[in-house]
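Hello,

Here is the structure I promised to pass on. Please open it first, then read my notes below.

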Amino acid sequence: MPASSFDWRGAGLRYFSYNRFLKHKFGCRVQKVSLDAGFTCPNVDGSITTGGCTFCDNRSFSPSRRIKRLDILDQVSDGIRRLKIRYDCDTFIAYFQPATNTYGKLERLREVYYRALEHPQVVGMAIGTRPDCVPNEVLDLLEEVAGKTYLAVEYGVQTIHDRSLEWMNRGHGYACFPDAMARSRGRGFEICAHIMLGLPGESHDDMLATAREIARQQPDSVKIHNLYAVKKTELADQVARGEVQLMERAEYVRTLVDFLELLPPTMIVERVSGDAPPDYLIGPNWCLDKPGLLNALEQEFKTRDTWQGKLWQPT
């Protein structure tokens, strides 16, 4: 079922949530299983630079980087077992999450993608990557996979501002994303853009400029994260020295609602915040309280009598 066929406003929602989209599409609850194929990134291995992103420690956001890596199919089975302890769910998406999961030899990419699809409870796949790491031959493979299953390709955009990308040691500029979008359209897979709010040096207007540009590019979905700091990263050191201030929850919620107002109502919102395990997290501590954040977000929508797309202007 196309995303546009779901009347999320009629369902009483303030934004087009991914969980509701998946339930609409598959007719049941669907959970993502995090998988680790052992890939690296071009700003880690020296192809572009070294050190990785300023904020990044893959162990903090991917369970698979905190345990011994298994065969892909074994990872799927183990992940499903763990998820079923928490959720009443029998349907799963294989999610290649840590590092850059299109950054490898084509034969290896094909091997791990199709290995994950062998599990009978996997009904789709999500692949996290960077917009500078999708050469046309990889996009051809992704199109092939999308012809066999539901596929979402998640591009780490973070921001449209090159000065911020330089701060985070990203190793590419924003121009890579429109290029990746142009070459990805019409290939049968969902295109998702990751965006980060609260980057140092970005004003409120800067963040809303990112919203307007993402609305103009019109990926199928968006993931919005607050900037958070985890241990043993350059960002953690910057926070400790007082060089970077992390957003407070009230400011983040206001900015998030402003951001969502500018997005098309057909754009799926996969996430509205980010966090890390408590033993990795430096701050902000409020991001560990997901129910509290979601309640604050809902209250902000109600107080302002607004919703995703209210201020969106088609181009």
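In which loop is Ala99 found? Ala99 sits in the loop between strand 2 (92-96) and helix 4. Helices (H or I, at least four residues) and strands (E, at least two) are DSSP runs, numbered from the N terminus.

Some ground rules before the rest. This is a predicted model, in which local features need pLDDT of at least 70, side-chain atom pairs count only at pLDDT 80 or more, and totals for chains, interfaces and linings use all residues. Residues are numbered from 1 along each chain as its sequence is written, and side-chain values use heavy atoms, with hydrogens and water left out.

Backbone points

Most residues other than glycine have a negative phi, and most peptide bonds are trans. Ala99 has a positive phi of about 70 degrees, although it is not a glycine. Ala99 is buried, with a relative accessible area of 14%. Buried means under 20% relative accessible area, exposed over 50%, and partly exposed in between (1.4 Å probe, protein chains only).

Lys232 also has a positive phi, near 60 degrees. Lys232 lies in the loop between strand 7 (229-230) and helix 9. At 76% relative accessibility, Lys232 is exposed.

The peptide bond from Gly283 to Pro284 is cis, with omega near 0 degrees. Pro284 belongs to the loop between strand 9 (281-283) and helix 11. Glu248 is 36 residues from Pro284 in sequence, yet their C-alpha atoms are 7.3 Å apart. Glu248 is in the loop between helix 9 (234-240) and helix 10 (249-261). Glu248 is exposed, at 54%.

Cores

The largest nonpolar core has 81 residues. A nonpolar core is a set of buried Ala, Val, Leu, Ile, Met, Phe, Trp, Tyr and Cys residues joined through side-chain atoms within 4.5 Å. Phe96, Tyr113, Leu142, Leu151 and Tyr155 touch the most other members. Leu142 touches Thr102, Tyr113, Ile127, Leu151, Val153 and Phe189, not counting residues up to four places away in sequence. Contact means heavy atoms within 4.5 Å.

Helix pairs

The axes of helix 4 (residues 106-116) and helix 5 (residues 136-146) come within 11 Å and cross at roughly 20 degrees. Axes are lines fitted to C-alpha atoms, for helices over the stretch in contact, and angles run from 0 to 180 degrees between N-to-C directions. Helix 4 and helix 5 are therefore roughly parallel. Angles under 35 degrees count as roughly parallel, over 145 as roughly antiparallel, 65 to 115 as roughly perpendicular and the rest as oblique. The helix 4 side of the contact includes Leu109 and Tyr113, and the helix 5 side includes Leu141 and Leu142.

Helix 10 and helix 11 pack at about 55 degrees, with their axes 10 Å apart. That makes helix 10 oblique to helix 11. Among the residues in contact are Tyr252 and Leu256 of helix 10, and Leu293 and Phe301 of helix 11.

After helix 11

Gly309 is found in the segment after helix 11 (290-304). Gly309 is buried, at 13% relative accessibility. The C-alpha atoms of Gly309 and Glu261 are separated by 4.6 Å, though the two are 48 residues apart along the chain. Leaving aside neighbours within four places in sequence, Gly309 is in contact with Leu260, Glu261, Leu263 and Pro265.

Best regards
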